[in-house]
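Let's take a walk through this model together, moving from its domains and strands to one of its helices. Have the viewer open and follow along as each piece comes up.

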Amino acid sequence: MSQNEIKNPWTTLSGEEKYENPWIKVTEYQVLNPSGGKGIYGKVHFKNKAIGIVPVDAEGNTWLVGQYRYTLNAFHWEIPEGGSPSHEEAAFSARRELQEETGLTAKKWTELTQIHTSNSVTDEVGYIFLAEDLSQGESAREASEADMKVWKLPLSEAVAMVLRGEITDAISMTGLLLVARLKGR
């Protein structure tokens with residue numbers, strides 16, 4: 001049975017916007033759940049697409065960026081990531097984010113997959129790219145990225161970090177594991 005053949009078992013009775021800023025909108029819905037019971041459902045709508053890039057050079061190295069994540073109150077290593085305005089092509093945004101955060105440009109781009117980062121409460125869609133045939137230049141970070149660290153390491157070590165639970169960001173984990181499988185590393 002295909003996903004398109006399954007009918008939505010939820011009934012929306014009403015919706016009320018609870019909060020909005022330039023990046024997200026939170027709406028609370030009064031619903032009837034699949035068993036017919038009344039309930040509430042909160043949805044976080046992301047106004048941008050999420051973008052993740054796994055850069056890989058000819059020697060099998062990749063780049064991680066590290067920064068303090070306010071929401072988690074901790075420093076985290078991730079693949080280069082950013083937001084893509086809804087009107088902008090995800091691949092264009094990926095090129096910009098890679099250069100901004102690492103200074104890298106790539107001649108070869110492959111869209112690996114799309115990911116729903118937390119589909120129980122958000123509608124956020126992430127796009128993950130593989131960037132190859134790399135050239136190093138200068139980064140152009142945004143003010144919120146002033147504390148960002150950049151680390152070049154073997155792809156196999158970044159994958160080991162995922163497997164050890166040291167990289168926990170969903171887009172980073174998915175991208176690194178997909179590239180490792182694709183590259184046989």
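Two strands count as paired here if DSSP finds at least two bridges between them. With that in mind, keep in view that this is a predicted model, and look for the open sheet of 3 strands, whose order is 6-5-10 with antiparallel pairing. Strand 6 (74–78) and strand 10 (149–154) are its edges; each has a single partner strand, so one side of each is left without a neighbour in the sheet. From one strand to the next, the twist averages 25 degrees.

Now zoom in on one of these pairings. Strand 5, residues 61–69, runs antiparallel to strand 6, and 5 bridges join them.

Next, turn to strand 9, which covers residues 125–136. Strand 4 (residues 48–55) runs parallel to strand 9, with 6 bridges joining the two. Strand 8, residues 104–116, pairs with strand 9 in the antiparallel sense over 11 bridges. Here you can find lysine 108 standing opposite glutamate 132 of strand 9.

Let's move on to helix 3, residues 170–183. Its 14 residues reach 20 Å from the first C-alpha to the last, close to the 20 Å expected at 1.5 Å a residue. Which residues of helix 3 are buried? They are Ile171, Ser172, Gly175, Leu176, Val179 and Ala180, where buried means under 20% relative accessible area. These residues cover an arc of only 150 degrees around the axis, which puts them on the same side of helix 3. The general rule behind such a pattern is a friendly one: an α-helix has 3.6 residues a turn, so residues three or four places apart point the same way. Just after helix 3, glycine 184 takes a positive phi of about 70 degrees.

Finally, step back to the whole protein. The domain assignment gives domain 1 (11–46) and domain 2 (48–183). Their C-alpha centres lie 30 Å apart, and the contact between them takes 7 residues from domain 1 and 6 residues from domain 2.

Technical notes
Residues are numbered from 1 along each chain as its sequence is written. This is a predicted model: local features need pLDDT of at least 70, side-chain atom pairs count only at pLDDT 80 or more; totals for chains, interfaces and linings use all residues. Side-chain values use heavy atoms; hydrogens and water are left out. Helices (H or I, at least four residues) and strands (E, at least two) are DSSP runs, numbered from the N terminus. Axes are lines fitted to C-alpha atoms, for helices over the stretch in contact, and angles run from 0 to 180 degrees between N-to-C directions. The expected span of a helix is 1.5 Å times one less than its number of residues. Buried means under 20% relative accessible area, exposed over 50%, partly exposed in between (1.4 Å probe, protein chains only). The arc is that of the directions from the helix axis to the C-beta atoms. Domain bounds come from an automatic or database domain assignment. Contact means heavy atoms within 4.5 Å.
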